[in-house]
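Here is a short tour for someone meeting this structure for the first time. Have the sequence and the 3D view open as you read.

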Amino acid sequence: MSFLYPMLEQQQPDAATLLADLAASAQAKAVESGRVCAGALADGEERLERAAVAIAIALQAGGRLLCFGNGGSATDAAGLAALFASPHSGQAVAARSLAADPAVLTALANDIGVDAIFARQLIAHGRAGDIALGLSTSGGSANVLRAFAEGRRRGLLTVGLAGYGGGAMAAGPDLEHCLAVDAQSVHRTQEAQSAVAYALWQRVQAHLEETP
Amino acid sequence: MTASTSVRPDAVGLPEGLPDDLASTSLALARRLHAGATMWCASPAWPHHAQHVAVEFVHPVIVGKPALPAVALPPIALTATARANARPGDVLLVIGPSDDAAIGDVLLRAPAWGVTTVWVGSGPRPAAGSADHVLWLPDDTNAAHDGRFILLYHLLWELAHVCLEHAGAGGELLAPAEACDGPVCITCSDEGRLAEVVRVSGTTARVRTADGSEDVDCTLVGPTSAYDLLVCHAGMAITRLVAT
């Protein structure tokens, strides 16, 4: 890390040196983020297109998009659901986040366990033809994997966004579409996941426009 | 037909000036947090972004990094919730476009609460002075959705932690910037301080300013109501900026 922060080698950095190092580090990380995002979009183009077609077909047949994830991925799930349900342009479709309601989440976590917080909601709401879209930066979040298993059992289309090449998510039998990104850090992975999620929305919109 | 995947304009990095803005904002944030601040986060248009910032600071993804106090404010009743909770020395980080009225209102009032402000956004830049720190992506119209905002607050988190960990053995770089401490006569100076009305009694209003609360005479500005925003000088309200 010291190559990014030369001043860390110094005993007494002054403010100007610190600020210059911080700015240089910010720029280097932004370039890396752009590189990882562009790479994820290029490498995953075919998988992205297949997932977008499947989601568009499911939505046109009356399916609903149900998004979920933990922590930062929960906020990404909320952002993706909002993008689908109230887009700045294009067609609005039924989409929501399963991490949005603290009453439901705390009831399930408290009474059953955190592994059940998404799967249990799919038992309540999921119908064949709906879409279960889970995000996990590690690819290994147990409650996301359990939701995929439950979704598959109920005839939902299962789509996953993951870092680290997909992790356990990619290896499991329950996921029909795995959109994986590969980066060295959690932060760059999350940024690329968001870029992939936005590209997915763009492609779904394009298909919805083609076949109204 | 295959939809073309939009290529973001960031392949070369951040726009000119933004790395420096991130550096100075991170140091200012680290100084406030070091002094005990809470960072309040708000995004009326995209509440999930405010929540992402809060969870980033409270529960870092990198093991071993200290948890820091950050809270996502609700998009509804934003100003009221911020007013009730924010304390002098706190930080308010908002994410949204420059024409967001709810953001405009809370940023206008924050100086009267003694709160340092950071505005993250894209598109047309806010007017100069709208916030203490502005982190802006003028050309990234999809930044709210495609990971670019996430990149900005990830960098803010990363750089703030660098400041907290490495700003000198005694933390001397985290000491607050020195204020001018010479003898100044308030009556003779041009000092005008922002104040938010707490309650009114006749022509006197109890107001909240960055330095605490005080009573001011409102004869010059006329009838006044709670939450009006005033400019005060030497115990007198001289201008009303916002009537409630």
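This is a predicted model: local features need pLDDT of at least 70, side-chain atom pairs count only at pLDDT 80 or more; totals for chains, interfaces and linings use all residues.

Residues are numbered from 1 along each chain as its sequence is written, and chains are lettered from A, with ligands numbered from 1, in the order in which they are written.

**The sheet of chain A**

Let us begin with an open sheet of five strands in chain A, ordered β2-β1-β3-β4-β5 with parallel pairing. Helices (H or I, at least four residues) and strands (E, at least two) are DSSP runs, numbered from the N terminus; two strands pair if DSSP finds at least two bridges between them. β2 (95-97) and β5 (177-180) of chain A are the edge strands, each with a single partner, so one side of each has no neighbour in the sheet. On average, neighbouring strands are turned by 15° against each other, direction ignored. Angles here run from 0 to 180 degrees between N-to-C directions, with axes fitted to C-alpha atoms, for helices over the stretch in contact.

Strand β3 (residues 131-136) of chain A is mostly covered, with six of its six residues buried. A residue is buried if 20 or more other C-beta atoms lie within 10 Å of its own, exposed if 12 or fewer, and partly exposed in between, with C-beta atoms placed from the backbone. A:Ile131, A:Leu133 and A:Leu135 point one way from β3(A), and A:Ala132, A:Gly134 and A:Ser136 the other way. The table shows how β3(A) pairs.

| Partner of β3(A) | Bridges | Sense |
|---|---|---|
| β1(A), residues 65-69 | five bridges | parallel |
| β4(A), residues 157-162 | six bridges | parallel |

Across from β3(A), A:Leu65 stands opposite A:Ile131, and A:Phe68 stands opposite A:Gly134. In β4(A), A:Ala162 is opposite A:Ser136.

Helices join in too. α2(A) packs on the sheet, touching β1, β3, β4 and β5 of chain A, and its direction makes about 135° with that of β5(A). Helix α6 (residues 142-153) of chain A lies across β1, β3 and β4 of chain A, at about 165° to β3(A). Two residues are in contact if their C-beta atoms, placed from the backbone, lie within 7 Å.

**A helix pair in chain B**

The axes of α3 (residues 78-85) and α4 (residues 101-109) of chain B come within 9 Å and cross at roughly 25°. These helices are therefore roughly parallel (angles under 35 degrees). In this pair, B:Leu78, B:Thr79, B:Ala82 and B:Arg83 of α3(B) meet B:Ala102, B:Asp105, B:Val106 and B:Arg109 of α4(B).

**Where the chains meet**

The contact takes 41 residues from chain A and 41 residues from chain B. On the chain A side, α1 (15-43), α2 (45-60), α3 (72-85) and α8 (186-210) each supply at least two residues. Of these, α1(A) gives the most, with 16 residues.

**Two positive phi values**

Which way does phi of A:Tyr164 go, positive or negative? Phi of A:Tyr164 is near 50°, a positive value in a residue other than glycine. A:Tyr164 sits in the loop between β4 and α7 (167-171) of chain A and is buried, with 20 other C-beta atoms within 10 Å. B:Ala234 also has a positive phi, of about 50°, although it is not a glycine. B:Ala234 lies in the loop between β9 (229-233) and β10 (236-242) of chain B and counts as partly exposed, with 15 C-beta neighbours inside 10 Å.

Notes. Angles under 35 degrees count as roughly parallel, over 145 as roughly antiparallel, 65 to 115 as roughly perpendicular and the rest as oblique.
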